[in-house]
Amino acid sequence: MDATALPAFQAQLHTALANPPTETRRIFHGRGRCWPGLEQLTADWLKGPSAGQLLISLFKEPEPALLTRLLAMLNELVTTPVWQQSGARSLLLQHRSRDGSPLEVIWGELNASPVVHEHALAYQLSLGKNQNHGLFLDMRLGRQWVKKQAWGKRVLNLFAYTCGFSVAAMAGGAEQVVNLDMAKAALSRGRDNHRLNQHDLSRVSFLGHELFKSWGKVRKLGPYELIIIDPPSFQKGSFALTRDYGKILRRLPELLTPQGTVLACVNDPDIDCQFLIDGMAAQAPTLRFVQRLDNPPEFTDVSPEAGLKALVFAQG
């Protein structure tokens with residue numbers, strides 16, 4: 001972080017808060033490297049049915065003097081008319097490089113379990129307990145795409161986390177959704193997300209299993225018209241992207257219907273789209289590449305290949 005760049009960060013926050021989003025959105029994305037000196041900062045407006053919370057995330061620990069200047073800037077922000085008119089409930093700073101990713105309340109009162117909205121759907125977040133709060137905002141357009149594609153389909157959601165894709169699929173009229181993730185606590189939050197949106201849980205399954213030991217169960221619940229693969233880059237003892245993604249791709253033909261579709265995702269800045277395109281050609285050649293989904297404009301990256309890659313493949 002560069003102290004001389006902090007006024008630009010301050011100006012961007014003022015601009016965003018002068019007309020704050022009506023739903024949850026990222027309002028500053030330094031990680032996209034479009035703001036020199038601010039590459040380790042992001043700002044998310046977490047908006048629910050009432051007040052919003054502004055979450056600033058610091059991805060690398062700065063020098064103490066720089067941190068002091070950042071804190072002074074944030075404390076100045078909350079005294080401004082633009083802040084007072086924004087309807088914000090709190091200003092939060094997450095230190096993601098510190099052990100446990102602790103959350104610091106700069107101003108206001110923390111709502112640690114807020115219900116937020118995205119595309120008119122509700123999601124419950126968890127602030128201050130984990131590094132990630134429960135909804136990856138860069139996948140906003142991916143969830144919107146799934147909602148549009150899901151009508152009448154059986155959907156398999158691999159690495160489901162808190163079931164954001166599942167919520168979108170059910171909102172789009174999916175016949176059935178199967179969610180699989182080895183983190184049972186995340187799936188429990190996913191079940192809560194479905195309840196928030198008044199979905200019929202008899203049409204949603206939650207499998208708290210390790211994927212590579214569960215192919216038989218996954219296959220038994222299929223076949224599927226739509227499969228979503230959104231893995232972490234690395235999950236200790238379970239998944240490494242470059243080692244294990246191909247093992248999933250080669251299983252796709254036996255899980256899909258003849259007209260089935262796959263949304264395959266990678267969010268590692270060092271892995272480009274060609275990794276998925278080549279991997280699919282080698283492991284599941286009946287699936288052809290159709291398109292790469294756009295990323296939200298608020299996640300602009302100086303290198304498009306470094307951002308989220310969400311690629312659509314179809315049988316035939």
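In this predicted model, helix α6 (residues 184-196) lies across strands β9 (176-180) and β10, and runs at about 165° to β10. Helix α8 (residues 241-249) also packs on the sheet, where it touches β8 (154-158), β11 (224-229) and β14 (256-266). The direction of helix α8 makes about 170° with that of β14.

The sheet itself is open and mixed in its pairing, with seven strands in the order β10-β9-β8-β11-β14-β16-β15. Strands β10 (204-207) and β15 (287-292) each have a single partner strand, so one side of each is left without a neighbour in the sheet. From one strand to the next, the twist averages 20°.

The largest nonpolar core has 31 residues. Those with the most contacts inside this core are Leu-158, Ile-227, Ile-229, Tyr-245, Leu-252 and Val-262. Ile-229 touches residues including Leu-158, Phe-159, Tyr-245, Leu-252 and Val-262, leaving aside residues up to four places away in sequence. A second, separate core has 27 residues, among them Leu-54, Leu-74, Val-82 and Ala-88. In soluble globular proteins, nonpolar side chains tend to be buried together.

A search of the whole structure finds 10 aromatic pairs. Two of them are set out here.

| Pair | Centre to centre | Angle between planes | Geometry |
|---|---|---|---|
| Trp-83 and Trp-107 | 5.4 Å | 90° | edge-to-face |
| Tyr-245 and Phe-275 | 6.0 Å | 80° | edge-to-face |

Trp-83 lies in helix α3 (residues 81-84) and Trp-107 in strand β5 (residues 103-108), so their pair ties together parts that are 24 residues apart in sequence. Trp-83 is buried, with a relative accessible area of 1%, whereas Trp-107 is partly exposed at 33% relative accessibility.

Tyr-245 belongs to helix α8 and Phe-275 to helix α10 (residues 273-283), so this pair ties together parts that are 30 residues apart in sequence. Tyr-245 is buried at 0% relative accessibility, while Phe-275, at 25%, counts as partly exposed. Both residues are members of one aromatic cluster, together with Phe-159, Phe-212, Trp-215 and Phe-239.

Charged side chains also meet aromatic rings. The charged end of Lys-247 sits over the ring of Phe-212, 5.7 Å from the ring centre. Arg-191 lies over the face of Phe-206, at 4.3 Å from the centre of that ring.

Conventions
Residues are numbered from 1 along each chain as its sequence is written. This is a predicted model: local features need pLDDT of at least 70, side-chain atom pairs count only at pLDDT 80 or more; totals for chains, interfaces and linings use all residues. Side-chain values use heavy atoms; hydrogens and water are left out. A nonpolar core is a set of buried Ala, Val, Leu, Ile, Met, Phe, Trp, Tyr and Cys residues joined through side-chain atoms within 4.5 Å. Buried means under 20% relative accessible area, exposed over 50%, partly exposed in between (1.4 Å probe, protein chains only). Contact means heavy atoms within 4.5 Å. Two strands pair if DSSP finds at least two bridges between them. Helices (H or I, at least four residues) and strands (E, at least two) are DSSP runs, numbered from the N terminus. Axes are lines fitted to C-alpha atoms, for helices over the stretch in contact, and angles run from 0 to 180 degrees between N-to-C directions. Rings of Phe, Tyr and Trp (its six-membered ring) pair if their centres lie within 6.5 Å; planes under 30 degrees apart count as stacked, over 60 as edge-to-face and the rest as tilted. A charge sits over a ring if NZ of Lys or CZ of Arg is within 6 Å of the ring centre and within 35 degrees of the ring normal.
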